[in-house]
Amino acid sequence: MATTTTNPKIIGNQSLTQFDVLIVGSGAGASATANVLTAAGKKVLMLEAGVNGYRNLDNSDWSKVSTNFSNDELKLLFRNYIMPHQEIEPRTYRQNESAGDRTYTGEVNSMPKTVGGAAVHADVKTPRFAPNDFKLGTLLGPIADANFADWPWTYDDLEPFYSYVEKAIGVQGLDGSDPFAGPRSSTYPMPPGVPMYAGQLISDGAKKLGYHPFPYPTAVTSRPYKGRPACNDCGFCGQYGCPIHAKCTPAVTLLRDALLTGNLQLQSETRAVKILTNASGTSVTGIQVIGPDGKLQTFTADRYVLGMSPIEDARLCFLSSTAGIGNSSGMVGRNLTFHFQTLAAGIWNQRVHGHRGRTVTHGISDFRGTPGDPNHPMGGVVEFGAPDNVIGEALDYFNQIGLIGDRLKASMRQSPLRDHLMVITMHAEDAPQVTNRVDLDPAVRDLDGLPVPRITYSNHKFELDARAFYGPKMVEILQMAGTQWAFVAPADPISISRHVFGTLRAGTDSTTSVCDATGKFHDLDNLYGTGSSLFPTSSGYNPYLTITTVGTHVGATMVSPDSPLSALPAA
Amino acid sequence: MPTKLPVIGVSRREFLELTALGAGVAVLPAGCASSGPTFLTGTERSTLAVLADHVLPQDKQPGGAALGVVDYIERLMTAFEFTPPRIFADGPFSNRNPYPAASGGVASTQYPADAFVNFLPLDRVQEAAWRLKLYGSVGVPGGGPNDAVLGPQKGMRDILRDGVAALHAAVPQGIGKLSSNDLELQLLHLADFRALMVQLTIEGCFCAPEYGGNKGGEGWQIAHFQGDTQPLGNTIYDPVLSDYRENPNFPVSTIDPGPDPEPLDDQTIALFTSIASSQAP
Ligand SMILES: Cc1cc2nc3c(=O)[nH]c(=O)nc-3n(C[C@H](O)[C@H](O)[C@H](O)COP(=O)(O)OP(=O)(O)OC[C@H]3O[C@@H](n4cnc5c(N)ncnc54)[C@H](O)[C@@H]3O)c2cc1C
Ligand code: SF4
């Protein structure tokens with residue numbers, strides 16, 4: 001008999017009514033900022049549009065915390081438990097302005113919507129960005145039609161924050177295993193977990209070619225960690241939430257830490273729809289939301305942080321003012337970058353059961369490249385990843401190859417696209433371009449009648465060249481790993497990387513950037529960005545750790561502008 | 001490095017038996033309506049059963065119909081006649097796998113209650129989306145948000161109902177007598193219906209059994225797939241060893257034991273050889 005299980009919509013300290021800071025969104029950036037603020041005693045209200053997939057997340061006793069996330073492929077991947085529904089929350093896309101109002105309506109790099117944000121779905125690989133990644137404006141120099149810029153922080157500035165975050169959330173990795181990684185002031189908090197068989201095969205192939213495979217740094221427990229159990233390699237990792245809290249995602253780490261301070265109130269199913277400002281537009285006076293009941297409400301605080309991830313952050317700025325909140329530079333919504341992914345598929349004659357394990361356990365940084373070296377162009381980290389589970393596999397046979405009937409069934413039994421397959425993915429640097437941007441679609445609306453975000457985006461030669469250069473090398477690795485077939489998959493017409501950056505670029509020059517080095521909007525005295533919206537460039541590494549690190553830095557600077565390090569709570 | 005000891009304690013055979021037992025939903029003949037609210041008529045059920053077998057045929061193992069695809073579809077089409085709507089099964093665990101023991105790196109004999117049989121309440125947005133998916137613009141007050149710009153959306157219920165009716169009109173003698181090729185030719189005229197039917201059939205064959213399909217976990221057995229593995233998982237961290245133990249029957253770090261249950265056959269090899277050679281270098 002079906003029973004109703006209702007998770008609370010409001011969690012944390014429900015008695016709070018006055019807030020120092022209001023944070024919109026509850027993902028990696030937002031949670032990291034909230035963690036530092038609440039530890040310093042600031043009263044914080046967090047508003048999250050998505051559902052709360054946890055029971056008792058604000059209980060200090062781990063045995064009371066449970067979740068709706070499960071090894072359920074149908075719910076997570078095909079019924080969109082936390083992914084936006086294209087029927088009522090689409091985005092639109094066009095390659096450039098001359099393409100007309102839009103050429104496509106539907107899914108454009110949409111991110112999961114839920115308490116804890118997109119990382120719930122991630123398999124949470126957590127390499128740091130490398131030292132060069134923070135100064136590509138200088139290192140690459142001017143490139144036609146691209147807009148590379150230095151970050152307002154160097155690797156050295158952020159290094160102690162990286163160390164703090166790795167310890168606070170829990171990261172596994174092998175010290176010294178990636179020769180291209182930056183210097184570390186701390187060791188990995190946990191050793192690597194169980195290596196996937198196919199990951200080892202590909203690593204062996206890569207080694208034979210002189211590359212440097214490493215156990216992928218990952219925010220997954222390989223030991224019991226802070227009350228959470230060690231991962232048990234359940235095989236439903238990337239695109240699923242973790243049923244046992246072994247993934248060190250925001251909800252079960254920094255967000256929960258913030259909830260346990262008693263200084264945070266989190267309201268889920270509560271969607272920000274407008275930033276209210278004073279008449280001169282220099283101060284935010286409130287955030288208007290649509291609550292779980294569909295009614296409008298306004299919340300206020302002294303300071304406000306946008307943590308909805310780049311596309312929704314920019315959208316809210318434009319929903320709030322035609323010119324865009326904080327847009328004297330004209331840069332709100334611009335310099336939108338995705339990682340440009342190149343995927344190579346390898347199919348072995350034998351079964352390699354990539355679907356068993358943590359999705360990715362190995363990778364290489366050899367293709368990240370050296371700025372300005374044409375023999376070593378700037379691509380990105382390559383992860384050795386597992387394919388879909390069974391529903392996805394069967395749909396691939398039908399949708400990609402046209403198999404139906406006996407051959408569909410034979411394929412499911414033999415499983416070339418699951419039990420025999422691995423996909424290696426390069427997350428290449430995506431050259432920032434002023435013309436790649438988010439604005440509002442002139443006609444397409446969401447369920448509340450609000451304009452949806454429109455993405456105008458086309459690739460730069462920079463990343464296309466990297467793909468052409470490294471794609472064949474990726475195939476070589478798979479061949480050396482003993483695959484029967486290996487090939488580069490066609491590029492996605494519209495990015496589905498789920499790695500999204502920019503739109504509120506941080507920088508020191510208020511004419512070319514939206515936010516300053518503290519994360520504060522240049523134009524307003526009490527509005528901040530956090531996380532990946534601030535990134536001036538995409539780097540070539542998975543972003544979760546750096547989003548959390550930047551979010552931590554923003555929170556620490558809000559608490560202690562002159563010495564942010566001193567604001568870090570105990571890890 | 002993990003320790004490879006035969007200790008998790010659930011063998012491949014036991015696992016598949018457990019899977020089948022845990023998923024003990026009674027199998028109804030495809031033409032009979034399951035108990036509870038119904039959307040499909042008897043004729044529609046019979047037609048969808050033929051189509052489910054067209055997508056995944058019956059042979060020495062069940063096809064789409066025997067795996068429960070029609071019940072799966074019925075449950076989804078009537079999802080909103082239940083409170084909460086039967087869209088999202090709860091978690092974190094089914095009752096198909098035991099908890100790990102507190103020590104020793106082995107399985108315990110304790111199983112969780114099956115939380116997948118419970119369904120989650122929908123929030124405002126999920127409810128609006130799923131009503132639109134199932135009932136279409138005509139079936140929800142005010143229609144879809146972009147009907148004026150993009151045209152009205154047709155709901156799954158109407159796509160199925162109209163598709164079956166169109167097939168009956170085109171093949172008055174009944175589709176059961178058509179060869180697979182002839183049926184495919186008919187379906188190619190009904191692109192939306194065909195796409196939806198294949199999608200729902202595949203979901204119904206390989207979903208968690210609590211959604212009404214994949215009866216007895218037999219869809220997963222066809223695919224040599226374990227299904228959900230929590231709370232045991234595939235490895236167990238042993239605090240005494242300070243290391244992992246792997247299930248030797250479902251290892252993570254090494255090749256599977258024993259022979260491949262169904263190696264790639266000549267047709268699959270030919271297919272992938274041609275796919276690989278057609279990809280741009
Ligand atoms: C399947 C998958 C696998 C991934 N794997 C990895 C990986 O291995 N490693 C890695 O580094 N990264 C990975 N990523 C990417 C990574 O998860 C994201 O980059 C990161 O979590 C983004 O964090 P964020 O804080 O920027 O935004 P989000 O986590 O997207 O948080 C934004 C939050 O704001 C909420 N929101 C949006 N609009 C509103 C509004 N108007 N009002 C209120 N709330 C709103 C959203 O619901 C969301 O919860 C993966 C992503 C996915 C989907
Ligand atoms: S593989 Fe590990 S971290 Fe990933 S979902 Fe399963 S138990 Fe959680």
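User: Where in chain A is His353(A) found?
Analyst: His353(A) is in the loop between β15 (340-347) and β16 (360-364) of chain A. Keep in mind that this is a predicted model.

User: Why is His353(A) called buried?
Analyst: Its relative accessible area is 1%. Buried means under 20%, so His353(A) counts as buried.

User: Which residues is His353(A) in contact with, leaving aside its neighbours within four places in sequence?
Analyst: From chain A, Tyr197(A) and Asp419(A). From chain B, the list has Pro251(B), Val252(B), Thr254(B), Ile255(B) and Asp256(B).

User: What makes the pair of His353(A) and Thr254(B) a polar contact?
Analyst: A polar atom of the His353(A) side chain lies 2.7 Å from the backbone oxygen of Thr254(B). The cut-off for such a pair is 3.5 Å, and 2.7 Å is within that.

User: What makes Arg351(A) and Asp260(B) a salt bridge?
Analyst: Their closest N and O atoms are 2.6 Å apart. The rule asks for a Lys or Arg nitrogen within 4 Å of an Asp or Glu oxygen, so this Arg and Asp pair passes. Across the interface of chain B and chain A the rule finds nine salt bridges.

User: Why does the pair Lys9(A) and Glu269(A) count as a salt bridge at 3.9 Å?
Analyst: Because the N to O value of 3.9 Å is within the 4 Å limit. Lys9(A) lies in the segment before β1 (10-12) and Glu269(A) in the loop between β9 (264-267) and β10 (271-277), so the pair ties together parts 260 residues apart in sequence.

User: Are Lys9(A) and Glu269(A) buried or partly exposed?
Analyst: Lys9(A) has 34% relative accessibility and counts as partly exposed. Glu269(A), at 14%, is buried, given that the cut-off for buried is under 20%.

User: How do you know that Asp133(A) and Arg368(A) form a salt bridge, and that each is buried?
Analyst: Their side chains meet at 2.6 Å, N to O, and the limit is 4 Å. The pair links distant parts of the chain: Asp133(A) is in the loop between β7 (104-106) and α3 (136-140), Arg368(A) in the loop between β16 and β17 (380-385), 235 residues apart. With values of 2% for Asp133(A) and 4% for Arg368(A), each falls under the 20% cut-off.

User: Why is Phe535(A) called buried, and where is it found?
Analyst: Its relative accessible area is 0%, and buried means under 20%. Phe535(A) is in the loop between β23 (527-529) and α11 (544-559) of chain A. Among its contacts are Phe129(A), Trp151(A) and Phe501(A).

Notes: Residues numbered from 1 in each chain as written. Chains lettered and ligands numbered in written order. Predicted model: local features only at pLDDT ≥ 70, side-chain atom pairs only at ≥ 80, totals over all residues. Heavy atoms only, no water. Helix = DSSP H or I, 4+ residues; strand = E, 2+ residues; numbered from the N terminus. Buried < 20%, exposed > 50% of the residue type's maximum accessible area, 1.4 Å probe, protein only. Contact = heavy atoms within 4.5 Å. Polar contact = N/O pair within 3.5 Å; in protein donor to acceptor, adjacent residues only side chain to side chain.
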